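Subject: Structure handover

Hello,

Here is the structure for you to look through. My notes follow below it.

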Amino acid sequence: MRNKIKPLILCGLFAALTAIGAFIKIPMWPAPITAQTMFIAAAGVLIGPKLGAASQLIYLLLGLFGLPIFTKGGGFGYIFQPTFGFLLASIPTVIVIGVISKKIDGVKGAVIATVCGYAVLYLIGVPYLWMIVNYVSGVEMSISAALYSGMVLFIPGDALKVAAVALLSVKLKPVVRFTQVNSR
């Protein structure tokens, strides 16, 4: 029984941290800068691709079912927000980060994994942002404007998040591994 509780706690913890990260934000249009991506990366590095993806799926489903845990609330209608593509992208992002960080350990592995994961986040999130702004919001936005407002503006902050996750993972990964090993 204990073996199953600890992974559930870790999934719930990272779902909750991602929700908290939605409210640690710098408002901007069309997408605010939030701490969510740092917790998504930490989930991948610390609890791996499966549990990390489960944590993000839990977060996403709770928000879609109406809990106001996204930056602008919650509910199924949130799929029409320009930032919803980034929320959808959190699942493949955490999987990529988890898989790579399992193969390459340490600070270097966390950095490489998080950078690759953020590339996935942008590859999914930016086109979704562009599509929603142009076709749902009715505001004309060029692809270059979408790249700028959905990616370029975020790169300095994301670089800091990559560094934070890499440095924290060195200290936290042994603790999480100990918890997971002792729960088997």
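Tyr59 is found in helix H2, where helices (H or I, at least four residues) are DSSP runs, numbered from the N terminus. Before going further, note that this is a predicted model, in which local features need pLDDT of at least 70 and side-chain atom pairs count only at pLDDT 80 or more, while totals for chains, interfaces and linings use all residues. Residues are numbered from 1 along each chain as its sequence is written, and side-chain values use heavy atoms, with hydrogens and water left out.

Tyr59 is buried, at a relative accessible area of 1%. Buried means under 20% relative accessible area, exposed over 50%, and partly exposed in between, with a 1.4 Å probe and protein chains only. Contact means heavy atoms within 4.5 Å. Leaving aside neighbours within four places in sequence, Tyr59 is in contact with Ala15, Thr18, Ala19, Ala22, Gln36, Ile69, Phe70 and Leu87. Gly12 is 47 residues from Tyr59 in sequence, yet their C-alpha atoms are 8.5 Å apart in space.

Thr18, one of those contacts of Tyr59, sits in helix H1. Thr18 is buried too, with a relative accessible area of 1%. Not counting residues up to four places away in sequence, Thr18 touches Gln36, Phe39, Ile40, Gln56 and Tyr59.

Val162

Helix H6 (residues 155-182) contains Val162, which is buried with a relative accessible area of 8%. Val111, Thr114, Val115 and Tyr118 are what Val162 touches, again not counting residues up to four places away in sequence. Between Val162 and Val176, 14 residues apart along the chain, the C-alpha separation is 19 Å.

Helix H5

Which residues of helix H5 (residues 143-150) are buried? They are Ala146, Ser149 and Gly150. These residues lie on the same side of H5, because they cover an arc of only 85 degrees around the axis; the arc is that of the directions from the helix axis to the C-beta atoms. Among the elements that cover them are helix H3 (84-103) and helix H4 (106-135).

Cysteines

A disulfide is counted here as a pair of cysteine sulfur atoms within 2.5 Å, and the count comes to zero. Cys11 is buried, with a relative accessible area of 5%, whereas Cys116 is partly exposed at 32%.

On a 1 Å grid over the protein atoms alone, a cavity is a set of points where a 1.4 Å probe fits but cannot get out, and a pocket is an open set with protein on both sides within 12 Å along at least five of seven lines; lining residues have an atom within 4 Å of a point. Grid points are joined across faces, edges and corners, and a volume is the space filled by probe spheres set on the points.

The structure holds one cavity of 30 Å³ or more. The largest cavity has about 270 Å³ of space. Its lining has 19 residues, and those nearest the centre are Pro32, Thr34, Gln36, Thr37 and Phe86. H2, H3, H4 and H6 each give two or more residues to this lining.

The second largest pocket holds about 180 Å³. It is lined by 13 residues, with Phe14, Phe39, Ala42, Leu46 and Leu172 closest to the centre. Helix H1 (2-22), helix H2 (36-64) and H6 each give two or more of the lining residues, and H6 supplies the largest share, five residues.

Regards
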